[in-house]
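Hi there,

Here is the structure I promised to pass on to you. Have a look at it first, and then read my notes below.

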Amino acid sequence: MIRINLLPREQVRRAGPAPRAVTLLAAAVVLAAMVASTLYFNGRNARVRDEIARTEAQITALTPEVERVEALRREIDTARRKQQLLQRLESARVPWDTVLEGVRTLMPKDVWLSQIAAGEDGSMNFIGYGLTYTAVAQFMVNLEDSPMFADVDLVLGQKQPVGGKQVVNFSIVGKLTLARKEAVLR
């Protein structure tokens with residue numbers, strides 16, 4: 001069959017590209033885009049893998065240094081704990097030479113001590129003898145007036161014979177003041 005076009009030339013439709021050619025062109029463009037994006041992402045993945053490998057190499061190289069730093073940190077923590085312990089022990093230390101010298105200067109001539117006891121809370125117990133109640137009272141007043149002691153109180157005061165003579169047996173309690181301990185430590 002022969003086809004004859006009787007339409008004027010202006011109205012003659014020109015034949016466009018065949019639909020098959022358009023489809024092939026579109027498929028080629030999509031395929032080229034996919035290949036280009038695949039190449040781009042493969043290159044980017046390779047760069048990321050290289051960066052990961054470099055970072056892992058750095059981690060491996062720095063691991064011994066990190067272990068040394070951690071060991072030093074543990075040593076520093078141990079030294080700090082020891083320092084804090086020493087400071088606590090030093091602050092709790094009682095300067096007995098100064099305390100005993102202070103007690104000696106506070107005792108009247110006719111009073112003598114047979115025992116001094118100290119508690120961990122800073123409490124002090126003085127046990128001794130005096131020739132008179134007045135001497136024992138003077139010793140208590142001297143302790144109260146001293147900046148080294150506070151809360152001085154008589155627990156026991158009674159006469160008893162010692163070596164054929166009547167003396168006053170006494171027990172006095174007080175507290176060693178922290179302000180005085182700190183001043184003595186300086």
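In the hairpin of S1 and S2, 4 residues sit between the strands, and Gly122 there has a positive phi near 95°. Strand S1 (residues 111-118) runs antiparallel to S2, with 7 bridges joining them; two strands count as paired if DSSP finds at least two bridges between them. Within this pair, Ala118 stands opposite Met124 of S2.

Before going on, please keep in mind that this is a predicted model, in which local features need pLDDT of at least 70 and side-chain atom pairs count only at pLDDT 80 or more, while totals for chains, interfaces and linings use all residues. Residues are numbered from 1 along each chain as its sequence is written, and side-chain values use heavy atoms, with hydrogens and water left out.

Now follow the sheet onwards. S2 (residues 123-130) also pairs with S4 (residues 165-176), in the antiparallel sense and over 8 bridges. Ser123 has Lys175 as its bridge partner in S4, and Asn125 has Val173. S4 pairs with S3 (residues 149-162) too, again antiparallel, over 11 bridges, and one of the partners is Gln166 for Pro161. The hairpin of S3 and S4 has 2 residues between the strands, and Gly163 takes a positive phi near 60° there.

Which residue has a positive phi although it is not a glycine? That is Asp151, at about 55°. Most residues other than glycine have a negative phi. Asp151 lies in strand S3 and is exposed, because its relative accessibility is 62%. (Exposed means over 50% relative accessible area, buried under 20%, and partly exposed in between, with a 1.4 Å probe and protein chains only.)

Next, the two faces of S2. In a regular strand the side chains alternate between the two faces of the sheet. In S2, Met124, Phe126, Gly128 and Gly130 make up the covered face, while Ser123, Asn125, Ile127 and Tyr129 are on the uncovered one.

Phe126 leads us to the aromatic rings. Rings of Phe, Tyr and Trp (its six-membered ring) pair if their centres lie within 6.5 Å; planes under 30 degrees apart are stacked, over 60 edge-to-face, and the rest tilted. There are 5 aromatic pairs by this rule. In one of them, the ring centres of Phe126 and Phe139 are 6.0 Å apart and the planes meet at 85°, so this pair is edge-to-face. Phe126 is in strand S2 and Phe139 in helix H3 (residues 133-145), so the pair ties together parts 13 residues apart in sequence. Both Phe126 and Phe139 are buried, and together with Phe149 and Phe170 they form one aromatic cluster.

Finally, here are two threonines to compare. Thr177 lies in the loop between S4 and helix H4 (178-185) and counts as buried, because its relative accessibility is 16%. A polar atom of the Thr177 side chain lies 2.9 Å from the backbone oxygen of Pro147.

Enjoy exploring!

Notes. Polar contact = N/O pair within 3.5 Å; in protein donor to acceptor, adjacent residues only side chain to side chain.
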